[in-house]
Each structure stands twice: as structure tokens, then as C-alpha cells.
Amino acid sequence: MTTYIIRRLIMMIPILFGISVISFAIMYAAPGKPTVMDLDPDISVEAREAQMERLGLNDPPHIQYINWMSNVVKGDFGTSFTKKQPVRDMIADRLPNTLILMIFSTILAIIVAIPFGVLSATKQYSKLDYGVTMTSFLGLATPNFWLGLMLIMLFSVQLGWTPVGGVSTLGADFSLLDRLHHLILPAIVLATADMAGLTRYTRSSMLEVVKQDYIRTARAKGFRESTVIYKHGLRNGLIPIITIFGLMLPTFIGGSVIVEQLFSWPGIGKLFIDATFERDYPVIMAITMFGAVLTVIGNLIADILYAVLDPRIEY
Amino acid sequence: MSTLLQVKNLKTHFFSKNKVLPVVDGVDFEVKKGETLAIVGESGSGKSITSLSIMGLVPKPGGKTVDGEIIFDGTDLLQLSENEMFKVRGNEIAMIFQEPMTSLNPVLTIGEQITEVLIYHKKMSKKEARQKAVELLKIVGFARAEEILDDYPHRLSGGMRQRVMIAMAMSCDPKLLIADEPTTALDVTVQAQILELMKELSEKFDSSIILITHDLGVVAELADRVIVMYGGQVVEETGIVELFDNPLHPYSKGLLGSVPKLDEEKERLSSIGGNVPSPDNFPKGCRFVTRCEHAMEKCLTEQPELKEIYPGRKSRCFLHDEGGNE
């Protein structure tokens with residue numbers, strides 16, 4: 001197992017290298033220059049040129065890439081073009097906010113999706129099943145930004161129950177309750193789509209499981225239905241869901257881009273959007289690479305969890 | 001011998017959209033203490049559903065036991081609430097299934113799967129249950145039982161898994177063991193071992209067995225008495241020796257005729273033409289009429305009763321009235 005994990009970690013290096021080349025190329029090919037967004041339209045062409053020269057943006061692309069990469073290997077992600085801050089600090093500042101949002105919404109997605117998926121499967125074709133199915137399709141079909149706006153309109157504007165955005169009340173002392181109060185809406189919005197998908201996957205996986213012979217064996221042992229389903233069924237049913245979950249992990253970054261923008265949540269996603277508008281190359285690259293690492297790690301975790309849940313799998 | 005189980009007029013039907021399928025349609029039989037009763041019949045004759053009805057595990061939705069009595073040790077199981085059935089299943093009546101490869105849970109260890117029954121029904125502590133599990137595994141023939149305990153099912157062969165299933169079934173000392181085609185999925189050499197083991201255990205634990213099979217060789221090996229099922233009904237009930245010497249019902253004769261015999265030289269085995277009619281298409285009269293070579297006018301319109309022809313031997317056929325049988 002340990003050798004397997006080490007091998008997988010080593011395999012990550014060429015993968016991440018490939019991703020970095022492709023992302024760099026795409027970013028470079030995108031129209032616009034970092035200097036275009038810079039402040040004053042009255043800045044002279046010469047000054048802009050000097051700026052381009054100073055940032056190294058006039059070098060040929062492969063030289064730029066090599067310069068960037070040689071710094072990254074040393075752990076230096078460069079300095080933001082617009083904020084003049086080290087990119088590493090900027091990400092470190094915002095990462096906790098994004099992680100809190102991600103973890104919270106993941107937990108939310110799981111605790112809602114799995115029980116409803118199981119219920120939906122064990123009571124197949126019941127009213128509950130149809131209800132859950134309908135709701136999950138609705139959840140899948142609803143765009144995040146629209147749902148977010150509607151929830152803000154309803155809960156923040158009309159009812160005034162939740163704040164419109166931000167991580168905490170400005171100027172107030174730290175309080176957990178205040179944080180949760182701010183967290184709840186963005187977490188719900190971020191969780192919705194995955195919740196819906198996860199419910200469907202749980203349902204179909206459990207439908208397969210309840211037909212298995214070992215479930216009949218468990219019933220023949222005289223166990224109550226809840227023991228049969230949750231002890232004997234669920235562990236088997238979760239195995240395929242693990243893959244989905246591993247793939248879900250990086251999508252939270254994508255989802256958080258929209259949700260963080262909507263709720264002015266100062267996390268990685270919002271940083272990413274801002275950086276893209278400003279053509280802040282070092283920030284864009286750093287976050288892209290962060291997402292790439294998350295994707296590869298998510299897959300690795302899924303593979304490890306497989307072996308944990310299913311004794312038939314050994315590495 | 002006293003009676004352990006008495007099944008009277010058992011009817012288990014399956015309901016689908018505007019159709020009722022009488023899969024088990026008025027089955028009567030009894031099992032005495034310590035006796036092995038075989039239920040024989042082709043696929044679709046209703047033998048498996050009969051056994052699941054006794055367990056109260058008729059597949060849902062769709063299946064339902066609509067009529068009859070299943071008197072086990074003095075109580076009618078059909079009158080018990082689901083809560084009371086939880087105490088019977090796995091405890092007083094245990095069951096082993098046809099597919100040992102898939103009947104064990106792949107993600108739980110053998111130990112967990114045996115001990116959970118003991119902890120649940122016999123309120124044993126984990127430690128006691130583990131000890132008992134080792135004991136049981138030794139009884140069913142595992143020399144290194146302690147090691148097997150922490151293994152997962154995928155490490156065992158089919159025969160070994162069926163041994164584990166048997167150990168699991170016998171763990172609570174059940175009065176009745178229902179074995180649904182226990183050897184069908186196994187290699188021929190292993191089949192004999194498993195049958196031998198079941199015979200041994202039923203004597204040792206003094207439990208009765210209902211053996212469901214379509215393999216007459218297995219019946220000869222293990223059973224004391226036999227009921228032959230066809231189309232959801234019992235067509236013949238008889239002792240094991242009598243079945244092989246002198247089957248009464250034309251269907252039983254057909255079944256026996258399709259078994260190869262060593263002392264006969266035949267080019268072809270005889271077979272019963274056609275298939276078991278499907279439950280939504282049972283003939284109006286005798287269920288076997290479509291395949292019976294002795295079919296008469298009467299058989300088309302009237303259903304014969306299951307009647308005692310000789311002491312302890314019943315058959316469901318009009319031929320006996322005519323004196324046409326012997």
C-alpha cells in the first residue's frame with residue numbers, strides 16, 4: 001500500500017508538469033495584456049512598454065514558462081502584477097475561507113444525499129422516491145448563480161435572515177455563530193448540484209446492492225431492515241460512490257468561483273475571477289495549479305478509499 | 001416422531017398490473033422433528049417461493065402470502081408480527097442458499113458475519129461469539145478456524161463458502177434448516193462433501209431439514225421423505241425409497257425417467273416434453289395436463305385432489321381413481 005501511494009505520488013509529477021504547460025499556453029494565447037487593465041488611460045505607450053519589459057512579458061513564451069517554472073520549483077509563485085504582493089501570501093490568506101466553504105458544503109452534500117439516496121432506493125417507486133428524484137433533477141438543472149441570487153433575494157433581502165455576503169460581520173469580533181450565519185447560504189448553493197448528483201448515484205448504487213444475494217442472507221439471519229440496509233448494504237453501495245466523490249473534489253473549486261463571486265466571499269474562487277479579469281498571470285497560474293493538484297489528489301484519495309472499503313481490492 | 005412444521009393450504013401469489021400469479025397455490029406438507037424432507041421440482045414449480053414463504057421473505061413488492069397456515073412448533077408464523085418474525089429467522093429457522101459465491105457479504109469478514117448472528121440472537125458478548133464461531137468453523141471442517149475468521153469471503157472457494165454459510169445457519173442451533181439448492185453451484189466432488197456435512201450436522205444438532213433441489217441424486221443422498229411440486233402444487237408426497245421404486249404421479253415418473261441409470265443401456269435419456277406452464281397460464285384442470293402422456297378428457301376440466309393412495313403416500317392424479325395406475 002505504501003509503495004503504491006509513493007508510486008502514485010511520483011506519477012503526479014509528469015501529470016502536473018503537463019497540466020502546467022497546457023494551462024500556460026492557453027493563458028498566453030488568451031487575448032489581453034496585464035498592462036491593459038492598469039489604471040490610468042493617460043499612461044504613455046512608452047511607460048506601458050517599460051512595464052511589459054520589467055515584468056518579463058516581452059520574452060518569448062517558452063522563456064517565460066521556464067522562468068516561471070524554475071521559480072515554482074523553488075516554491076516561489078511570483079508576485080501579483082496588480083496587487084504587488086507575493087502570490088503565495090495572497091493564496092494563503094484566502095485558502096482557509098475557501099476550504100471552510102468547501103468542507104462545509106461537502107459535509108452538507110453528503111449528509112443530505114446519502115440518506116435520501118438510500119431511502120429512494122429502498123422505497124423504489126414510492127412517492128418519496130419520486131419526490132427525491134424530482135428534487136434532485138431540479139437541483140441538477142438549476143444553475144448555481146441563479147439559485148444563489150434567488151436565495152439572497154428571499155433570505156437576505158426579503159426576510160433579512162441571512163447576510164448578503166462576506167465571511168463575517170465587518171468590524172465585529174470573531175464569533176462562530178456569526179461565521180456560520182455567513183456560511184450557510186453560500187454552502188447550500190455550492191452543495192446543491194453535487195448533492196443532487198450524489199443522491200442519484202447513491203440511489204442507483206443501492207438499487208443494485210439490495211438485489212444482491214448477501215442482502216437476502218442478512219434478512220434470513222433475522223436482522224431488522226435498518227441493519228440489513230445500513231450494515232450490509234451501504235458499505236457495498238458506497239464503493240462506486242467513492243469514485244464520484246474523488247471527482248467531485250476539484251469541481252468545488254470551479255463551483256466556488258461562482259459562489260464566492262456571488263456572495264463576495266474572499267476565497268480562492270473570487271481571487272481567481274479577479275485575477276483573470278486583470279490578466280494577473282502569476283495568480284492565475286498558481287490557482288490553476290492548485291486546482292490541478294486537488295484533482296490529482298482527489299483521484300488518489302478515491303483509489304485509497306477503495307482499498308479501505310473493499311477488501312477485494314489490494315495494491 | 002412429533003411434527004415440527006405443518007404447512008397447510010399455503011398460497012403465495014405475485015401481483016403485478018392487473019395480473020395475479022399463483023406461484024404457490026395451495027401447498028400442504030409437514031416436517032417431523034429430525035427429519036429431512038426434500039422438495040423436488042423443475043424451475044418455476046414454486047419450491048423456492050414455498051421456502052421463502054416459510055421464512056416470511058417473499059420478494060417484495062409484488063409477492064404476498066395470501067392464504068394458509070404455517071404452523072411451526074405450535075405457532076402459526078403467518079400470524080406473527082414482523083417483530084416476532086425477527087426472532088424466528090436465523091434463530092429457529094435458518095436458511096442456506098444456492099449461490100455461496102454471492103451469498104456472503106464481500107466487505108465483512110467471515111468472523112463478523114458469523115458472530116453478528118450470535119450477538120443478535122443469543123445476546124453473546126463479542127468474545128463469546130468469536131469463540132463459538134471458531135467452534136462452528138471447526139465443526140464444518142476448517143482446520144485453521146481462527147485464521148479464517150479474519151478473512152474476507154473472496155479468499156475462499158465455493159465449497160468453503162458454503163461451509164461458512166452452513167456454520168452461520170447452524171450457529172443458533174435452529175430447529176429447522178432450509179437449504180435451497182445448496183449444492184447446485186458447486187463442483188461434483190465438493191457436492192458430496194457438503195451433503196455429507198449437512199447429514200452429519202442435522203444428526204448432531206437434531207434439526208430438521210427442508211431440502212429444495214431439482215437434483216434427484218441429492219434427494220437420494222439426504223432425504224427421508226420427498227414432496228414433488230409442479231405448477232405451485234404438491235403432486236406427490238412419498239418416502240424416499242418408494243419414490244425411486246415406484247413413483248405414483250406421471251410427473252414423478254417423468255422426472256425419474258430423465259435420470260441416467262448405470263445398469264441400463266439407452267441411447268437417449270427420456271425427457272418430459274414441453275415446459276412448466278407459467279403461473280399466469282396454468283391449465284384449468286390438472287396443471288400437468290399439457291405434458292402428461294396419460295391425459296384424459298377429465299384432466300382438462302377438473303383439478304385432481306392430493307389423495308392418500310397408500311399409507312403415507314399421496315398423489316394428485318385421476319389415474320388412481322380409474323385404477324389405471326398398477
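**Entry 1: a histidine in chain A.** I started with A:His182, which lies in helix α7 of chain A, residues 176-210. Helices here are DSSP runs of H or I with at least four residues, strands are runs of E with at least two, and both are numbered from the N terminus. Before going on I noted the ground rules: this is a predicted model, where local features need pLDDT of at least 70, side-chain atom pairs count only at pLDDT 80 or more, and totals for chains, interfaces and linings use all residues. Residues are numbered from 1 along each chain as its sequence is written, chains are lettered from A and ligands numbered from 1 in the order in which they are written, and side-chain values use heavy atoms, with hydrogens and water left out.

Is A:His182 buried or exposed? I got 7% relative accessibility, so A:His182 counts as buried. (Buried is under 20% relative accessible area, exposed over 50%, partly exposed in between, with a 1.4 Å probe and protein chains only.)

I then checked its surroundings. A polar atom of the A:His182 side chain lies 2.9 Å from the backbone oxygen of A:Asp178. Leaving out residues up to four places away in sequence, A:His182 touches A:Pro163, A:Gly165, A:Gly166, A:Val167, A:Ser168, A:Thr169 and A:Trp265. Touching, or contact, means heavy atoms within 4.5 Å.

**Entry 2: where the chains meet.** I found 26 residues of chain B in contact with 20 residues of chain A. I also looked up the salt bridges between chain B and chain A, and the count is 3. (That is a side-chain nitrogen of Lys or Arg within 4 Å of a carboxyl oxygen of Asp or Glu.) One that I looked at joins A:Lys231 and B:Glu116, with the closest N and O atoms 2.8 Å apart.

Which elements of chain B give two or more residues to the side that touches chain A? They are α2 (82-88), α3 (100-103), α4 (110-121) and α7 (158-170) of chain B. α4(B) gives the most, with 5 residues.

**Entry 3: that helix.** I followed up on α4(B). Of its 12 residues, 9 are buried, so α4(B) is largely enclosed by the rest of the structure. Among the buried ones are B:Ile110, B:Gln113, B:Val117 and B:His121. B:Glu116, from the salt bridge with A:Lys231, is also on the buried list.

Conventions:
Polar contact = N/O pair within 3.5 Å; in protein donor to acceptor, adjacent residues only side chain to side chain.
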